[in-house]
Amino acid sequence: MKRLACQVMLWLALAHAGVAGAGVLAGATRVIFDDAQVERSLMLANTNPYPVVVQTWVDRGEGAPDGASTPFIVLPAVFRLQPGGIQGLRIMYTRDALPQDRESVFWLNLYEIPPAATGAQARQPRVEMAMNTQLKIFYRPAGLARGNAPAAPSPRFCARQQAGEWQLVSRNDTPYHVSFTTLAVAGAGVTRPVQQEPDMMLAPFGERAYRLGDTRPPANAAVQYTYVDDAGFPVDGTARLDQCAAGAAG
């Protein structure tokens, strides 16, 4: 509890310093379920100067509770959180069958609704916005328990031209997701980042193309990337850039 209290105090300090962007902050950026686990907890703190109503649910990335069907349940589903308040969530795995040869990923949604204006405030022009924060939930089957996860991912990269535009293609030969935050090609004294996307995650045993622009990458270039590890920390890596084989899928 002392550690949790320190974390919450840090969240609130960051919010007052203008560092935090969201009003309701979670104690982690991802939740990892090993096969033997049926329940995990997650702490939330309201850094807004006003109370909010929070709705929670798990989906497959749609960002809407209607029709969401996943093997995870979150309690409480709706609650009120006072300014500076703390709330614990229970995330439960229903044990519905999931693939056993790779990780599965779902999204925990934290939808915060600000209070309606009253009195004089109601007569003043203002914008009221609800905010939805999404966190990833990873399920790891028995053969991929956390202790068996690789110390670092080892994605492969190649460059190809398609429809007049160059792409950086990444291949993941592991059963684990790789959550990239940045990708760039470096060579000939120039570093060219790919076009940033809201989510740049690479699926297990998957391949994905990222947009580079209309300039061919130089020979002997390298790929500089940053991914997020199990604890939610950014980790830098580098890899060789090859030329894609003819007919490679994106």
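Where in the chain is confidence lowest, and where is it highest?

1. **Confidence.** In the chain, confidence is lowest in helix α1 (residues 2-16), with a mean of 44, and highest in strand β7 (residues 86-93), at 98. The score in question is pLDDT, the predictor's confidence in each residue, from 0 to 100. Helices (H or I, at least four residues) and strands (E, at least two) are DSSP runs, numbered from the N terminus. The average pLDDT of the chain is 86, and 82% of the residues score at least 70.

2. **Basis of the model.** This is a predicted model, in which local features need pLDDT of at least 70 and side-chain atom pairs count only at pLDDT 80 or more, while totals for chains, interfaces and linings use all residues. Residues are numbered from 1 along each chain as its sequence is written, and side-chain values use heavy atoms, with hydrogens and water left out.

3. **Backbone details.** Leu-75 and Pro-76 are joined by a cis peptide bond, with omega about -5°. Pro-76 lies in the loop between β5 (72-75) and β6 (78-81). Arg-95, in the loop between β7 and β8 (104-113), has a positive phi near 70° although the residue is not glycine. Asn-220, in the loop between β15 (207-213) and β16 (222-228), likewise has a positive phi, near 60°. Asn-220 is exposed, at a relative accessible area of 80%, whereas Arg-95 is partly exposed, at 42%. Here buried means under 20% relative accessible area, exposed over 50%, and partly exposed in between (1.4 Å probe, protein chains only).

4. **Salt bridges.** The whole structure contains eleven salt bridges, each a side-chain nitrogen of Lys or Arg within 4 Å of a carboxyl oxygen of Asp or Glu. One of them pairs Glu-165 with Arg-211 at 3.1 Å, N to O. This pair links distant parts of the chain, with Glu-165 in strand β11 (residues 165-171) and Arg-211 in strand β15, 46 residues apart. Arg-211 is partly exposed, with a relative accessible area of 41%.

5. **Further pairs and a network.** Asp-101 and Arg-102 meet in a salt bridge at 3.1 Å, N to O. Asp-173 and Arg-171 form another, their closest N and O atoms being 3.2 Å apart. Finally, a network of salt bridges links Glu-103, Arg-140 and Asp-230.
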